[in-house]
Amino acid sequence: MDSSRNLAARAGRWSAQHRKKAILGWLAFVVLAVFIGGSVGTKTLSDADFGIGESGRADEAVADHFPEKAPESVLIQSRSGAETRDAGFRAVVDDVVTGLEGTRHVRNVASPYGPDNAGLLSEDGRSALVTFELPGDDAEAKVDPSLEAVAALQKEHPGFRVEQFGDGSAEKALNKAFEDDFQKAEFTSLPITLVILILAFGALLAAFVPLVLAITAVAAAIGLIGPISQIWPVDEAISSVVLLIGLAVGVDYSMFYLRREREERARGRSEEAALEAAAATSGRAVLVSGITVIAAMAGMYLGGAPTFLSFATGTILVVAIAVVGSLTVLPAILSKLGDRVNKGRVPFLRPEKRTGEPRAWSWVLDRVLRRPLASIVAAGAVLVVLAIPVFHIHTADSGVEGLPRSLEIMQTYDRMQAAFPGETFSADIVVEGGRLDRAELRAAAAEVREIARDSAHFQEPVTVETSSDGQLAVVEVPLAGTGTNERSTAALDALREDVVPQVFGGLASGEVVGVAGFTAGSVDFSDQMASRIWYVFAFVFAVAFALLLVTFRSIVIPIKAILLNVLSVAAAMGIVTWIFQDGNLESLLGFDSTGAITAWFPIMLFVILFGLSMDYHVFILSRIKEAVDRGQSTDEAVSHGIKSTAGVVTA
């Protein structure tokens, strides 16, 4: 097929001939998308949306029968060493209780000096907790009055530490941290990307073109996520993921396109002919690569978790927008600029030297091609060694242990844990029935209590709470372990497989919906990811194989590409496991290992790395195929194709 007549070539030709329409149309699209997104806002997933499996069904049942509420606690500690029995300490606590009781949205304030609240005074006599609840859902929106009241009380009592922690306050602080991190990503990644582009092209204007296209694609995608989220709520981290992927592919596509156009000009072609050649070759590679990346990202739809559904939608959207921009507005901009794209030349980085074959990669490749078998064995051995830790990977929900301790809210949490040690993670046995027999439930809870006393899996106290409509009960059983380690998992298994059938199997007034709680949710999520990841692998491999087969008309090429990418992803996952799960380099990198990898991470890593590495495969293989079609030998085509793309792929 004549390459000058493919879709990318026709799009590039039209854009070059209708520059004004292409550029203004793109700007209008971006502005409209941002305006719509800002007008409707972004609807994020609620806690109930994250439930999976048995624990998810149990949590949903609890949400249907118990009023939504968010627990909050205020820690009071003396900075001078005063104890809880001192009159001055008690006066501060009374002020906190009085202040909170008159605060909007605050319910059920409990003083540590109340008759049934002895557990709110620390054993060392130096700390006290005042607890309360925020009624209804959306605790983050209702927590501000209590935070303001606690901040005012802190100012009134500078000799004491008065700090708040709970579901609403933690959610607010963490969401603020997400927003701040997103801004940091913008302020750090964008300048670094610009510097790399300047080094790659040797000219300021040429470096700005890919960055501007990537930024506008990201802005448009984030804007369009707003109306989409009103139908399908998205994860709160969606903007960060879209920025990550959007910058990667947006810059990549523009770089390959622009680099090819400059190469053709360096060969003596006219501006128009060079642009047409770039559109027919690199433009087609961008189109094929974009479809391949979209296919990889679509694999997240099979992950089965709401987080993956939103990430898949966001990443597919930004990649599609970047592809459209690369095939339309980019040729129009390059046609408008012409050779002026080389303006702003950087001393010692001559643009005309940025289009040849890099000497470093040429030196490496010459030796690799001279001894291909030895090179395969050496490189393969390195990747296999790096991938070995994957065989003992352990995934879990790291919970609060995985949150950054630089946040003030987490420092407050740690102080609470130090003052009130022995926190346990509980499993909730959820029982539902038309009319539950409370005496029967109390007897079942007493039997569980007896089992807990004689078992290393469970702790006390075992409590039971019944909903106001009498149709749902929750039996809370504290588990041994840290919540995510093997001891907690074994305790959960014993509860689900032995205790629940033995104790609750014969209930006459209801039946068990499931076992919920932090450990149960973590195990169910990890199990689902472990089972679904094979569907993700199969889908991504099949689609990638079909696309490469159609594009390059070869069976060997897609098989080789898939195997190499799998090995690369495994090596990357092995490094992550070795560092973050096994705890190596902790002191150097400044973190504390939780002994597990976040459960959603392997699927995310796979689809992102596989998609981006296939990106580069397509570009390199396209250049090799061009050389073969021109009549070069296989060795010559491989050498030319890799050398001509190595510099821009590295950049």
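Modeller: Two residues are in contact when they have heavy atoms within 4.5 Å of each other. This is a predicted model, in which local features need pLDDT of at least 70 and side-chain atom pairs count only at pLDDT 80 or more, while totals for chains, interfaces and linings use all residues. Residues are numbered from 1 along each chain as its sequence is written, and side-chain values use heavy atoms, with hydrogens and water left out.

Colleague: Which residues does Met300 touch on that definition?

Modeller: Leaving out residues up to four places away in sequence, Met300 touches Phe308, Leu309, Phe311, Ala312, Thr315, Ile603, Met604 and Val607.

Colleague: What makes a group of residues a nonpolar core, and which residues have the most contacts inside the largest one?

Modeller: The members must be buried Ala, Val, Leu, Ile, Met, Phe, Trp, Tyr or Cys residues, joined through side-chain atoms within 4.5 Å. The largest such core here has 95 residues, and Tyr253 and Met300 have the most contacts inside it.

Colleague: Why is Glu264 called buried?

Modeller: Buried means under 20% relative accessible area, exposed means over 50%, and partly exposed is in between (1.4 Å probe, protein chains only). Glu264 has 5% relative accessibility, so it counts as buried. Buried residues make up 46% of the 651 residues in the protein chain.

Colleague: What makes the pair Arg267 and Glu264 a salt bridge?

Modeller: The definition asks for a side-chain nitrogen of Lys or Arg within 4 Å of a carboxyl oxygen of Asp or Glu. For Arg267 and Glu264 the N to O distance is 2.9 Å, so the pair meets the definition. A search of the whole structure finds 18 salt bridges.

Colleague: How do you know that Asp524 and Arg496 belong with them, and what does that pair tie together?

Modeller: Their side chains meet at 3.0 Å, N to O. Asp524 lies in helix H18 (residues 518-552) and Arg496 in helix H17 (residues 486-504), so the pair ties together parts 28 residues apart in sequence. Asp524 and Arg496 are both buried. Elsewhere, salt bridges that share partners join Arg259, Arg260, Glu263, Glu264, Arg267, Arg269, Arg623 and Glu626 into one network.

Colleague: How far along a helix are Asp180 and Lys176 from each other?

Modeller: They are four residues apart in helix H7 (residues 167-201), and so are separated by about one helical turn. Asp180 and Lys176 form a salt bridge, with the closest N and O atoms 3.0 Å apart. Asp180, at 26% relative accessible area, is partly exposed, and Lys176, at 45%, is partly exposed too.

Colleague: Where is Leu302, and why is it called partly exposed?

Modeller: Leu302 is in the loop between helix H10 (271-298) and helix H11 (306-327). Its relative accessibility is 32%, so Leu302 counts as partly exposed. Beyond its neighbours within four places in sequence, Leu302 is in contact with Arg532, Tyr535, Val536 and Phe539. Leu302 and Phe539 are 237 residues apart along the chain, and their C-alpha atoms are separated by 8.5 Å.

Colleague: What is the phi of His105, and where is His105 found?

Modeller: Phi of His105 is near 75 degrees, a positive value in a residue other than glycine. His105 is in the loop between helix H4 (87-101) and strand S2 (107-110), and at 22% relative accessible area it is partly exposed.

Colleague: Why is Arg553 called exposed?

Modeller: Arg553 has 69% relative accessibility, so it counts as exposed. Arg553 also has a positive phi, about 50 degrees, although it is not a glycine. Its place is in the loop between H18 and helix H19 (556-581).

Conventions. Helix = DSSP H or I, 4+ residues; strand = E, 2+ residues; numbered from the N terminus.
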